[in-house]
Amino acid sequence: MNVQEQVLPELDLETLEKKENKIVLYNDEVNTFDHVIDMLVATCDHTPIQAEQCMLIVHYKGKCNVKSGEYDDLKPRCTALLEAGLTAEIE
């Protein structure tokens, strides 16, 4: 009987402990589609097509995760969306 030993790679505990943060954009009855698209392009580095897709998800589903990453990167982006009159939060 031939036994092979398999070595698993080491896990980076710091990576495992980090919770992925995301900006969630919520639907409202105030902002135009164009304004939402423009803000996603400007603040979240979306392409126009990506921003349009997120806008449609927000419109039909009520919310959409529009950006994920580290909290320190997301905080100013979320603040910019809020200052532009959109409804968003970091989860």
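A residue is called buried when its relative accessible area is under 20%, exposed when over 50%, and partly exposed in between, with a 1.4 Å probe and protein chains only. By this rule, 27% of the 91 residues of the protein count as buried. The structure is a predicted model: local features need pLDDT of at least 70, side-chain atom pairs count only at pLDDT 80 or more, and totals for chains, interfaces and linings use all residues. Residues are numbered from 1 along each chain as its sequence is written, and side-chain values use heavy atoms, with hydrogens and water left out.

The protein has 4 helices and 3 strands. Helices (H or I, at least four residues) and strands (E, at least two) are DSSP runs, numbered from the N terminus. Along the sequence, their pattern is α-β-α-α-β-α-β. Contact means heavy atoms within 4.5 Å. Among contacts between residues at least 6 apart in sequence, 68% join residues at least 24 apart.

Helix 3 covers residues 48–61. Its expected span is 1.5 Å times one less than its number of residues. For 14 residues this gives 20 Å, and the end C-alpha atoms are 20 Å apart, which agrees. The buried residues of helix 3 are Ala51, Cys54, Met55 and Val58. They lie on the same side of the helix, because they cover an arc of only 100 degrees around the axis. This arc is taken from the directions from the helix axis to the C-beta atoms. Their cover includes strand 1 (21–26), helix 2 (33–44) and strand 2 (63–69). On the other side of helix 3, Ile49, Tyr60 and Lys61 are exposed. Just after helix 3, Gly62 takes a positive phi of about 100 degrees.
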